[in-house]
Amino acid sequence: MESLRQKLYLYIEQYGALDPRTVALSQELDKHIIKAMREINSEYC
């Protein structure tokens, strides 16, 4: 997940925040974050 975050920062610098490549990568990172949060949440329920 950290490597995706670093790649996202690179994409923002290279292509801008609204470029479709940046948005797609951001959405992919969001999926990983949501999955991780669900796993953490299920441990506490």
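I started at the loop between helix 1 and helix 2 and found Asp19 there. The model is predicted, so I read each value below as computed.

**Asp19.** Buried or exposed? I looked up its relative accessible area and got 16%. Buried means under 20%, so Asp19 counts as buried. Next I asked which side chain Asp19 touches through a polar contact. The partner is the side chain of Arg21, at 2.9 Å.

**Arg21.** I followed this residue to its charged end. Where does the charged end of Arg21 sit? I found it over the ring of Tyr15, 3.7 Å from the ring centre.

**Tyr15.** Tyr15 has a relative accessible area of 33%, so I logged it as partly exposed. I then searched the whole structure for aromatic pairs, and the search returned 1. The pair is Tyr11 with Tyr15: ring centres 5.2 Å apart, planes at 90°. Planes over 60 degrees apart count as edge-to-face, so that is the label I gave this pair. Both residues belong to helix 1. They are 4 residues apart, which means a separation of about one helical turn.

**Helix 2.** I turned to residues 20-44, the 25 residues of this helix.

Terms used. Residues are numbered from 1 along each chain as its sequence is written. This is a predicted model: local features need pLDDT of at least 70, side-chain atom pairs count only at pLDDT 80 or more; totals for chains, interfaces and linings use all residues. Side-chain values use heavy atoms; hydrogens and water are left out. Helices (H or I, at least four residues) and strands (E, at least two) are DSSP runs, numbered from the N terminus. The expected span of a helix is 1.5 Å times one less than its number of residues. Buried means under 20% relative accessible area, exposed over 50%, partly exposed in between (1.4 Å probe, protein chains only). A polar contact is a pair of N or O atoms within 3.5 Å; within protein, one must be able to donate a hydrogen and the other to accept it, and residues adjacent in sequence count only if both atoms are side-chain atoms. Rings of Phe, Tyr and Trp (its six-membered ring) pair if their centres lie within 6.5 Å; planes under 30 degrees apart count as stacked, over 60 as edge-to-face and the rest as tilted. A charge sits over a ring if NZ of Lys or CZ of Arg is within 6 Å of the ring centre and within 35 degrees of the ring normal.
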